[in-house]
Amino acid sequence: MSRRSKNCFFPSLAKGSGVLFLAGVLLLGQSGCARRGNDDVRVGVALYQQNDTFISTVVQDLELQARGWEEETGRKLTLTITDGGNSQSTQNDQVDRFLDRGYNAVCVNIVDRTAAAVLVDKAEAAGVPIIFFNRQPVQEDLDRWEYAYYVGARAEESGEIQGQIVADAWKADPASVDRNGDGVIQYVMLEGEPGHQDTLLRTEYSVNTLTQTVPAEKLASDTANWDRTQASARMGEWLDEFGDEIEVVFANNDDMALGAIDACEAAELEKLPFIVGVDATPPALDAIEAGTLQGTVLNDAEGMAESMFALIRALAAGEDPAEQMELEDGHYIWRPYRRITAETLSER
Ligand code: GAL
Ligand code: CA
């Protein structure tokens with residue numbers, strides 16, 4: 001029990017819950033928690049940076065979940081969102097403030113995914129559950145505390161789906177992808193932030209999956225940091241260098257895929273290469289409808305928000321999530337990716 005002696009998690013529910021997880025709150029944690037003495041729940045959400053298309057959809061879905069919770073329970077839930085501005089030390093300060101102010105849970109979209117140990121230890125010391133999402137810490141850091149979680153999607157799956165989209169198009173009509181008919185797919189790769197699990201694994205698995213069907217040749221690859229403008233600049237340079245030799249553009253996310261499309265349009269290409277992204281953002285879906293983007297992979301923001309709230313609900317009810325739901329290795333909740341192409345769009 002001593003490890004949880006300062007646990008302030010939802011003290012108002014501790015009474016009568018009889019659950020071991022919260023027993024310490026009543027016995028030992030009163031001093032820090034009783035002060036608030038009301039039913040309000042406060043959840044801190046620390047973003048690596050606010051200006052990110054996909055992350056902003058996760059935030060919208062968290063807000064929806066929060067409102068749903070309020071309707072369901074009649075209790076107020078405050079979500080406080082902070083912008084880490086891509087700095088780990090800024091984010092650490094923001095998490096410190098959540099913990100100092102007795103927030104009930106913190107959700108962390110960590111800036112530097114190798115830096116989670118410090119935050120897990122701080123959360124443990126404060127007795128506040130910590131839910132990482134989208135940017136995956138290494139397992140040994142999550143293993144430091146039983147109330148540290150990760151909600152996300154398996155990066156390799158999104159890469160595989162991208163590779164399959166291209167492979168299937170080639171199988172259906174080789175000339176639609178292998179434009180010069182040499183039996184090899186010439187591609188460029190627009191990579192996300194260096195070191196991000198989604199960058200490393202989407203890059204690797206998209207190509208590995210494609211080459212199980214047809215050989216591929218990399219013309220160029222570079223990081224564009226998830227960013228549409230940077231991607232457009234990279235693609236502009238590659239178009240100058242390779243022109244219509246580029247048959248396929250793999251983009252680690254949709255914003256960069258849209259940047260590639262921008263560059264092709266600016267270069268007035270007669271026929272766009274076969275371009276695939278990940279996320280299924282609204283402008284990417286529009287691009288699929290318009291025929292400029294050939295496919296994307298749904299990154300399930302809604303499902304992630306739902307899973308994060310499933311954890312919060314269990315904890316708030318004084319239950320140990322590990323006993324309530326399927327947690328892989330005691331820490332992980334995985335949401336599946338889904339393939340999106342013009343065909344699946346028209347099925348809707
Ligand atoms: C990825 C997503 C990117 C970006 C990144 C931020 O999963 O595909 O668009 O949002 O997360 O961590
Ligand atoms: Ca070719």
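R67 is partly exposed, with a relative accessible area of 34%, where buried means under 20% relative accessible area, exposed over 50% and partly exposed in between (1.4 Å probe, protein chains only). The model shown is predicted, so local features need pLDDT of at least 70 and side-chain atom pairs count only at pLDDT 80 or more, while totals for chains, interfaces and linings use all residues. Residues are numbered from 1 along each chain as its sequence is written, and side-chain values use heavy atoms, with hydrogens and water left out.

View 1. R67 pairs with E70 in a salt bridge (a side-chain nitrogen of Lys or Arg within 4 Å of a carboxyl oxygen of Asp or Glu), and their closest N and O atoms are 3.1 Å apart. Both residues belong to helix α3 (residues 53-73), three residues apart, or about one turn of the helix; helices (H or I, at least four residues) and strands (E, at least two) are DSSP runs, numbered from the N terminus.

**View 2. A salt bridge between two loops.** R135 and E193 form a salt bridge, with the closest N and O atoms 2.8 Å apart. R135 lies in the loop between β4 (130-133) and α6 (139-142), and E193 in the loop between β6 (185-191) and α9 (197-211), so the pair ties together parts that are 58 residues apart in sequence. Both R135 and E193 are buried.

**View 3. A salt bridge between a helix and a strand.** The side chains of R234 and D222 meet in a salt bridge at 3.8 Å, N to O. Because R234 lies in helix α10 (residues 228-242) and D222 in strand β7 (residues 216-223), the pair ties together parts that are 12 residues apart in sequence.

Key:
Chains lettered and ligands numbered in written order.
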